[in-house]
Amino acid sequence: MTTKISLVLMLTGFFCLSIAADVQAGIKNIRPAEACNMLNSIGLPTSGWKTFYDNECGCSSRQMPIGSGNPFKNLISFYAEGVGQTVDQIRLIVSVLNPEESEMAHAEFQKAAQLLISRLTPRPAPEDFSDAIANGGNQTFLADGFLFEVTRKEWTMTTDLGPRQCHEIKLVIR
């Protein structure tokens with residue numbers, strides 16, 4: 001019995017290590033310049049791959065406002081990060097500070113997220129993942145050596161106009 005349990009644990013560990021290695025292979029095959037330019041066509045250009053400190057590098061777009069911004073602007077931004085000339089992760093973030101215009105912010109986020117996914121894998125995102133992108137649910141999927149993860153964080157912002165329910169939706173690709 002102990003031998004069977006040990007064998008199952010060993011195979012499970014090997015399987016997990018195998019998935020982790022496959023996930024790392026996908027993102028690490030992207031050149032920094034390619035990662036930094038992935039969303040130029042939709043208004044999220046970066047200033048190029050730069051060294052921040054030691055060997056930690058990356059690029060980022062400016063936060064692009066979405067909607068009228070009355071009284072607060074919703075924002076979308078794009079980042080790629082890594083070490084040296086190796087990309088470790090790509091992030092797309094939408095910050096919804098104006099809930100009245102959240103549909104517009106979600107639509108822009110979904111457009112940018114789908115573009116990123118299509119540039120990395122020929123497979124379409126599963127329907128539940130697309131729903132998570134559109135609505136900000138927590139969801140993960142694995143395709144072609146890439147791990148795609150959507151998370152949502154909510155908070156209350158206290159302003160002179162009273163409390164506002166805000167949220168951030170983040171797509172992280174590893």
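The model is predicted, so local features need pLDDT of at least 70 and side-chain atom pairs count only at pLDDT 80 or more, while totals for chains, interfaces and linings use all residues. Residues are numbered from 1 along each chain as its sequence is written, and side-chain values use heavy atoms, leaving out hydrogens and water.

**Helix 4**
- Helix 4 spans residues 127–135, and its buried residues are Phe129, Ser130, Ala132, Ile133 and Ala134 (buried: under 20% relative accessible area, 1.4 Å probe, protein chains only).
- These buried residues pack against helix 3 (102–120), strand 6 (139–143), strand 7 (146–159) and strand 8 (162–173) (contact: heavy atoms within 4.5 Å; helices, H or I of at least four residues, and strands, E of at least two, are DSSP runs numbered from the N terminus).

**Aromatic pairs**
- Rings of Phe, Tyr and Trp (its six-membered ring) pair if their centres lie within 6.5 Å; planes under 30 degrees apart are stacked, over 60 edge-to-face, and the rest tilted.
- The count by this rule is three aromatic pairs.
- Phe129 and Phe141 are edge-to-face because their ring centres are 4.6 Å apart and their planes at 65°.
- Phe129 lies in helix 4 and Phe141 in strand 6, so this pair ties together parts twelve residues apart in sequence.
- Both Phe129 and Phe141 are buried.
- Phe146 and Phe148 form a tilted pair, 6.0 Å centre to centre with 45° between the planes, and both are buried.
- Ring pairs join Phe129, Phe141, Phe146 and Phe148 into a cluster.

Notes: Buried < 20%, exposed > 50% of the residue type's maximum accessible area, 1.4 Å probe, protein only.
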